[in-house]
Amino acid sequence: MENERFMFRVLEMYYTDELSQAEIAKKMRVSRATISRTILRAKQEGYVTISIHHPENTQHHLEKQLETKYGMQEVVIASPEKGKTVREQVNQEVTAYLLRVLKSGMTLGITWGLTLGSFIESLKRDTRMRNVNLKDVKVVPFIGTANLIEFDIFMQRNHANLYALELAEILKGIGYQLPAPMYVSNKKAKEVLESDALISQVLQQAACADIGFLPIGPVTEQSSFVKSGVLSIESMHQMKEEGAVGEVIGNFFTEDGRFLENEMSERMIGISREQLVHVPLKVGIAYGKDRVPAIKGALNSHIINVLITDSTTAKNLL
C-alpha cells in the first residue's frame, strides 16, 4: 500500500500539478530515475492512460502508416484547407518544417525545380518569417546551373544559385554560389571543373549540409530536366523504357527504388549520391497525382528520409 501511495502522490504531482520529474524527486527525496520508473510502472499497470483528441482533418494516422511502410524518419502531410490550393497547403507545411528543424549555424542544401521556386516565393510572403532569429545559416546549391534553351521567365529563374541567394536573404544567412554548369560534355571536363578551388570549396560545403530540400521530379516532358533542355525528349523516353519514373538531383530511379546508372551521372557537377547519404535530413517535396510513381520510387530508394506532400497524394502511396 505504501508503494501505491507513493506512486499516486507522484502521479498527482506530475500530471495534475505539472511538476517536472526533477522537482518531484527533490520533494520526495528520491532520485529522478525512481520517479521516471514509477511513472512508467503506472502506465504499464494501467493506472495511467493517455488519449489524444486529434482534430477531424488531422493526417496523423496516415503519416504514421507511411512512415512505417517506407521506413521514413518523418512524413508531413498537408491537411486540406478551404480556399487554399494544394501547392499553398504544402508550401505552408514546408515552411513550418523548416522553422522547426533549422537552427543557427546549420547548412541548408537546395537544388532546383519549379516546386522549390514556388516554395521560396511563398516564403517571401509568409509573416512567420518576421520573427525568425537565426544566426550564421548557410544555404548552398547541391547542383550546378542548367544551360536553358527556352526563355520562359519562370524557367530562367529556375536554378539553384538564384534560389540559394534568395533563401539566404530570407533567412538572413549566407548564400553560396556554385559557378559551374549542371552538366558538362564528358567525365574529364567534370574532373577538371571539380578540381577548381572555388568549385571544390562549395561542393565540400554542400557535402557537409545538415538539411537538404529535394524536390522529387517526374520523368515527363513537363519536368525541369526536359523543359530546360538538359534531357532531350528522346533520352527521356529511353529512360522511361528502362523503368525510370523519377529523379532527385539527377539520380534517376525506378518505382521499386532501383537507381539507373547512366552516363549523365558521370557528367553532373554537384553533390554525389554517396555524399547525399550522409546528409542527416533529406527532405523530399512533391505532390500531385502525376508524381505518385516518382514519389514511390524516391521512398523505395531511400534517397530521402523525410517527405512533405498533400493528403490525396499520400493516400495513393499506401
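Q: What makes a run of residues a helix in this predicted model?
A: A helix is a DSSP run of H or I with at least four residues. Helix 2 covers residues 21-28, and Q21 lies in this helix.

Q: Why is Q21 called buried?
A: Buried means under 20% relative accessible area. Q21 has 14% relative accessibility, so Q21 counts as buried.

Q: Which residues does Q21 touch, leaving aside those up to four places away in sequence?
A: Q21 touches Y14, R32, I35, S36 and I39. A contact needs heavy atoms within 4.5 Å.

Q: What makes Y183 and F225 an edge-to-face pair?
A: Take the distance, then the angle. Ring centres must lie within 6.5 Å to pair, and planes over 60 degrees apart count as edge-to-face. The centres of Y183 and F225 are 6.2 Å apart and their planes stand at 65°, so this pair is edge-to-face.

Q: Where in the chain do Y183 and F225 sit?
A: Y183 is in the loop between strand 4 (174-175) and helix 9 (187-194). F225 is in helix 11. They are 42 residues apart, and the pair links distant parts of the chain.

Q: Why is the pair of F225 and F252 called edge-to-face?
A: The ring centres are 5.6 Å apart, and the planes meet at 70°, so the pair is edge-to-face. This pair also links distant parts of the chain. F225 belongs to helix 11 and F252 to strand 8, 27 residues apart.

Q: How do you know whether Y183, F225 and F252 are buried or exposed?
A: Set each value against the cut-off of 20% for buried residues. Y183 has 11% relative accessibility, so Y183 is buried. F225 has 2%, so F225 is buried. F252 has 3%, so F252 is buried.

Q: Which residues do ring pairs link into a cluster?
A: The cluster holds W112, Y183, F225 and F252. The structure has seven aromatic pairs.

Q: What makes R273 a charge over the face of F259?
A: CZ of Arg must be within 6 Å of the ring centre and within 35 degrees of the ring normal. R273 lies over the face of F259, at 4.0 Å from the ring centre.

Q: Which residues touch the most other members of the largest nonpolar core?
A: They are F142, I216, I249, I304 and L307, in a core of 55 residues. Helix 15 (292-301) is one of the elements that supply at least two residues. Helix 15 gives the most, with five. Another core lies apart, with 33 residues, including V90 and L98.

Conventions. Residues numbered from 1 in each chain as written. Predicted model: local features only at pLDDT ≥ 70, side-chain atom pairs only at ≥ 80, totals over all residues. Heavy atoms only, no water. Core = buried A, V, L, I, M, F, W, Y, C linked by side-chain atoms within 4.5 Å. Buried < 20%, exposed > 50% of the residue type's maximum accessible area, 1.4 Å probe, protein only. Phe/Tyr/Trp six-rings, centres within 6.5 Å; stacked < 30°, edge-to-face > 60°.
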